[in-house]
Amino acid sequence: MKNSKTDLSQTVVSQSAIDVLLQENRKFPPPADFQKNAWIKDEAIYEKAAKDPEAYWAAWASELQWMKPWKKILDWKPPHAEWFVGGKINASVNCVDRHVFSQTGHHDKRNKAAVIWEGEPGDTRTLTYWDLYREVNQCANVLKKLGIQKGDCVGLYLPLIPELLIACLACARLGAVHSVVFGGFSAESLRDRMNDAQAKLVITADFGWRRGNQIHLKKVTDEALQGVNSVKNVIVVQRSANSGFQCAFQEGRDYWWHQLMKEADSYCEPAETDAEDMLFILYTSGTTGKPKGIVHTTGGYLTGVYATTKWIFDLKDEDVYWCTADIGWITGHSYVIYGPLSNGATVLMYEGAPDWPEKNRFWKLIEKYGVTIFYTAPTAIRAFMKWGNDFPAGCDLSSLRLLGSVGEPINPEAWMWYQEHIGRKKCPVVDTWWQTETGSILISPLPGMTVTKPGSATKPFPGISAEILNEAGERIETGGGYVALTKPWPSMLRTIFNDDERYVKQYWSKWPSKKDVYFAGDGANRDQEGYFWFMGRVDDVMNVAGHRIGTMEVESALVDHPAVAEAAVVGKAHDIKGQAVAAFVTLKSGHKPSEELAKALKEHVAKKIGSIARPEAVLFSADLPKTRSGKIMRRLLRDIAEGKALGDTTTLADPAVVENLKKQYESLES
Ligand code: WTA
C-alpha cells in the first residue's frame, strides 16, 4: 500500500511549500475590542456541539421560521442524508417576510436596507426589506403567470444586479428550483446546464457592465437556447432604461422584466416547501469533462448558511456586509443571498470590476457605504498587493471591523498584507474553507475567540467533524493527508442532479471501508494545535483565480478543435491567480504549430467554456508523457510548465517525450 505522502505528490503544492507554511509561527489573538462584543468567545461551544451535534443543529434550525415543525432531526442512510424530516419551511419567508413583519424575538426591519447596490458606471439602488418583499412577491407572480410551478427549474443568467437576488428568492417563494449560471460562461455552457436540468424559463439581461464593456447576455442566451427545447419563455431585465441598447426579441417567447413586474400583484402566497425540497442546482467542475449539478435542499442549507454567517462574520444588526463574490458562484448564493438575508443584514452588492475606473474602486465603496464586514478572495488580495498600498491608504477604511477570505489557500504574505493594509491591524481575518458541495463554511476561525495564524483556515466550525485521513483511511493527528468529513452536516449537498451514482462514487467511495465518510478532494496538513493548513486539490481540478475548472473540461474543449489530436491540461502556479491554465497539445497530421494556432485554441476554449477557462499557455508537442498503461502524467507536465526540475520519470513509456517537451518549453521562455 502506498503511503499518503506518495499519493499526495499529485497535489499542486510541493513539499517545500508545505514546509514553509508549517514554519509560519505568527499568531494573532482576537483584538480585545472585537472580542468584547463578539457572539462567541468561549471554547466550550466546540465540546457542546460535538457531544450532541443533532441537538446543536436543531437549536440553530429553530432560530428560523418554520411553517410546520420537523419530526426527526436527521435521517442518515449513508451517503444520503435528510435533515429536519417532515419540516416545512420557505426560504423567501426566512430571508424577507420575517424581517418585514414583527414577531417574537425579531424587531421589525421593514425600512432597513436589505440591499445596497452599485453598478459599475456608478448608478445606485437601495432596496429596504419592505421593497425587497414587494419585488420578490411580484417576481414570484410573474413566474407563476408564465406557468412556473413548484419543482420547475428556472435558469438565471444575469449580471450582478438586484434582479438576480430577487429572482432567486422569487423561485424559492414558489418552491421552484433556480440554476444560476455565471454571466462569464459561454452559450454552450449555458445550453448544457439548461438542458441538464430541463429549465422551463430563463431570466437574463440585455447587457451588463464589466470594465467599461457591455456584456451582451441576451445575445448569448439566444445562441444558447438554440437546442434547448424545455425553455418556453425568456424574461429580459433592461440594465438601464435610457441606454438606447437594442437586443433581438422573439415574439411570444421573450418579455421585458419591467413590463411584467408592472402588471404583477404585490402578494404571492409562499409555497409550503418541505425541508428536503430542492432549493437550487449549481454546476461546478469535477474530474470529468462534464460539470456536476450540485443539489441543495431548503431546511438544512438555510440552517448552515444562517449559523455560519452569524458566528463567522459575527454579524450584528448595525453591520454593512459586503461579500464581493458574484451570485453565479456558491459564495454568492450562500453569503450574498441566503446567509446574510436570513439574518436580516444589510448587504452591499457591486456589479463590476475592482479596478474600474481606478484601482481603488473597492476601497471607495467601503468608504462610501461604511462597510463593516468585507469578504473577498486571495486572488483579489494578491492583485491589490501588486497595485500598491497607496490605493487603500487613500481611502477611509475605518468602518471595517472584520475581514474574510475564501476560495483558495491564502498565502501568509497576502494574509499579512490584508490584515495590515485593509484591516489596519484592528480587524480579525477569517480564512474560510468550504466548497460548492458543502453549502456553507466548514472550517474557519470564530473571530472573537480563535487565535489566527496567517495561511491557516484554523479549525472546524462547531458541529462539523473534519479530519485528515491517509490513503488507507486512517486518521492523521498531525501531518498531511486528505481532508475528510466524518459526520453529515445540514447544508451538505444531497446528490448530483440526475447522477446519484456519480455522487456516491465521487464523494463517498475514496475509502471502501468508510462509505459514510466524505472525500473533499483537498489536501491539508494539521499542525500540533489542530489547525488546518490547506494545500490545494488532490484531483484533476484547477483553481484559477478562485474558480474551479476541471482539467478534463478544458481538454475536451481543446480536442473539439479540428486541428487537435490530443490535449493535456494542468494548472501551473501563478502569482495572482493562484493557478493558470497550461495546455499541452498534439496536432493532427496536416496541421503545424504556430502562434496563430495557439491563439485560436485559446479562443476556442473561451468560446466553448467561458473566458475564465482560457489557457494562458498552449504548448505543442509531438507526443505527451504517458505511463506504460497510457495515463497522462500531469505531474510532469506541471513541472515543465512551472519550469521545475523533473520528478520521477521511470514509469514513463517513453522518457524522451518529456525531455523534448522540457527543452521546447525552455526555448519558449528564453
Ligand atoms: C478551495 C468555493 C483553501 C478548495 C467556496 C475547495 C479553499 C474548493 C478555501 C472549492 C480556503 C475554498 N482555503 N482552499 N479558505 N476555500 N478552497 O466549490 O480547493 O468554488 O475544494 O467553493 O476551493 O471551490 P468552490
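This is a predicted model: local features need pLDDT of at least 70, side-chain atom pairs count only at pLDDT 80 or more; totals for chains, interfaces and linings use all residues.
When I say contact today, I mean heavy atoms within 4.5 Å.

Okay, the overall layout. The protein splits into domain 1, residues 5-22 + 537-669, and domain 2, residues 53-422. How far apart are the centres of domain 1 and domain 2? Taken over C-alpha atoms, they sit 34 Å from each other. Even so, the two do touch: on the domain 1 side 25 residues are in contact, and on the domain 2 side 23 residues.

The ligand has 17 residues around it, and the ones that come nearest are Asp431, Thr432, Thr436, Asp522 and Arg548. If you sort the shell by class, you get six nonpolar residues, six polar and five charged.

With Asp431, the side chain is what matters: one of its N or O atoms is 2.8 Å from a ligand nitrogen. With Gly407, we're looking at the backbone instead, where an N or O atom lies 3.1 Å from a nitrogen of the ligand. Pro409 also uses a backbone N or O atom, at 3.4 Å from a ligand nitrogen.

And how much of the ligand does the protein cover?

Strand E23 covers 532-537, strand E24 covers 541-544, and Val538 is in the loop between them. So is Val538 buried or exposed? Its relative accessibility is 14%, and the cut-off for buried is under 20%, so buried it is. Also, look back along the chain to Gly523: that's 15 residues away from Val538 in sequence, but the C-alpha atoms are 5.8 Å apart.

Last stop, Gln579, which belongs to strand E27, residues 578-587. Gln579 has a relative accessibility of 8%, so by that cut-off it counts as buried too. What does the Gln579 side chain reach? It's the backbone oxygen of Gly571, at 3.4 Å.

Key
Residues are numbered from 1 along each chain as its sequence is written. Side-chain values use heavy atoms; hydrogens and water are left out. Helices (H or I, at least four residues) and strands (E, at least two) are DSSP runs, numbered from the N terminus. Buried means under 20% relative accessible area, exposed over 50%, partly exposed in between (1.4 Å probe, protein chains only). A residue is near a molecule or strand if one of its heavy atoms lies within 4 Å of it. A polar contact is a pair of N or O atoms within 3.5 Å; within protein, one must be able to donate a hydrogen and the other to accept it, and residues adjacent in sequence count only if both atoms are side-chain atoms. Ala, Val, Leu, Ile, Met, Phe, Trp, Tyr, Cys and Pro count as nonpolar, Asp, Glu, Lys and Arg as charged, and the others, Gly among them, as polar. Domain bounds come from an automatic or database domain assignment.
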